[in-house]
Amino acid sequence: MTIRYLPTVFFPILALLLLSFAGPGSGVADEVPSPRKVQVPDPLECEQIKSILAEPAEYMIIDARSPSEFDDGHVESAINIPYDSVSGYADLLPENMSQPIVTYCRSGGRATVLKGILSELGYTDISVVPGEQMDRSNTPQLSFKCIDD
């Protein structure tokens, strides 16, 4: 294996190990907080929403809902990493810890919990799209919308 492939293999394995073997009280393997008890962040600025929609390849868009909800409809180019099962999807996480990540769900609660978990893993550029910025008008194709126009 050459050095250039090392990060591609190393970082997903490291994330999986952190999630699997972290001890009690570490914050990583602790019980996942209830999405109903978290404070969902304020809506994203319209310019950020427009940027995400214009250049989705620049962002990792993560749907924090269950696989069945994801199958019923999701944002184009999104991947599904359920907020309560991150360790089972560690191989999908980006190796670049500063990769811009956008999380969403139905209301914003699960996406906010997922943001906290990803932050504990070392990811630094994570945005949550709250429920009021979800565009469900073309279901099953979901999208994001500005609310400050």
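This is a predicted model: local features need pLDDT of at least 70, side-chain atom pairs count only at pLDDT 80 or more; totals for chains, interfaces and linings use all residues.

Biologist: Why is Asn80 called buried?

Modeller: The relative accessible area of Asn80 is 10%. Buried means under 20%, so Asn80 qualifies as buried.

Biologist: Which residues does Asn80 touch, apart from those up to four places away in sequence?

Modeller: Asn80 touches Asp63, Arg65, Ser66, Pro67, Phe70, Tyr89 and Leu92.

Biologist: What makes the approach of the Asn80 side chain to Asp63 a polar contact?

Modeller: The side chain of Asn80 reaches the backbone oxygen of Asp63 at 3.1 Å. The cut-off for a polar contact is 3.5 Å, so this distance falls within the limit. A polar atom of the Asn80 side chain also lies 2.9 Å from the backbone oxygen of Arg65.

Biologist: Now the whole chain: how many helices and strands does the chain have?

Modeller: The chain has four helices and seven strands. Starting at the N terminus, the elements run α-α-β-α-β-β-β-α-β-β-β. Buried residues account for 37% of the 149 residues.

Biologist: How do you know that Cys46 and Cys146 form a disulfide?

Modeller: Their sulfur atoms are 2.2 Å apart. A disulfide needs the two sulfur atoms within 2.5 Å, so the pair meets the criterion. A search of the whole structure finds one disulfide.

Biologist: What do Cys46 and Cys146 tie together?

Modeller: Cys46 lies in helix H2 (residues 46–54) and Cys146 in the segment after strand S7 (141–144), so the bond ties together parts that are 100 residues apart in sequence.

Biologist: And why is this disulfide called right-handed?

Modeller: The torsion about the S-S bond of Cys46 and Cys146 is about 90°, so the disulfide is right-handed. Cys46 itself is buried, with a relative accessible area of 6%.

Biologist: What makes Thr103 count as buried?

Modeller: Thr103 has 0% relative accessibility. The limit for buried is under 20%, so Thr103 counts as buried. Thr103 belongs to strand S4 (residues 101–104), and a polar atom of the Thr103 side chain lies 3.1 Å from the backbone oxygen of Ala111. Leaving out residues up to four places away in sequence, Thr103 touches several residues, among them Ile62, Leu114 and Val129.

Biologist: You mention Val129; in which strand is Val129, and is Val129 buried or exposed?

Modeller: Val129 is in strand S5 (residues 126–129). At 0% relative accessibility, Val129 counts as buried. Beyond residues up to four places away in sequence, Val129 touches residues including Leu44, Tyr104 and Phe144.

Biologist: Which residues touch the most other members of the largest nonpolar core?

Modeller: That core has 18 residues, and Ile62, Val86, Leu93, Ile101, Leu114, Leu118 and Tyr123 touch the most other members. Strand S1 (60–63), helix H4 (109–120) and S5 each give two or more residues to this core. H4 gives the most, with five residues. A second, separate core of 14 residues includes Ile49, Val102, Tyr104 and Met134.

Biologist: In what order do the three strands of the open sheet come?

Modeller: The order is S2-S7-S6, and the pairing is mixed. Strand S2 (74–75) and strand S6 (134–138) stand at the edges, each with a single partner strand, so one side of each is left without a neighbour in the sheet.

Biologist: How do you know that S6 and S7 count as paired?

Modeller: S6 and S7 are joined over three bridges, in the antiparallel sense. Pairing requires at least two bridges, so S6 and S7 count as paired. As one example, Asn138 has Gln141 in S7 as its bridge partner.

Technical notes. Residues are numbered from 1 along each chain as its sequence is written. Side-chain values use heavy atoms; hydrogens and water are left out. Buried means under 20% relative accessible area, exposed over 50%, partly exposed in between (1.4 Å probe, protein chains only). A polar contact is a pair of N or O atoms within 3.5 Å; within protein, one must be able to donate a hydrogen and the other to accept it, and residues adjacent in sequence count only if both atoms are side-chain atoms. Contact means heavy atoms within 4.5 Å. A nonpolar core is a set of buried Ala, Val, Leu, Ile, Met, Phe, Trp, Tyr and Cys residues joined through side-chain atoms within 4.5 Å.
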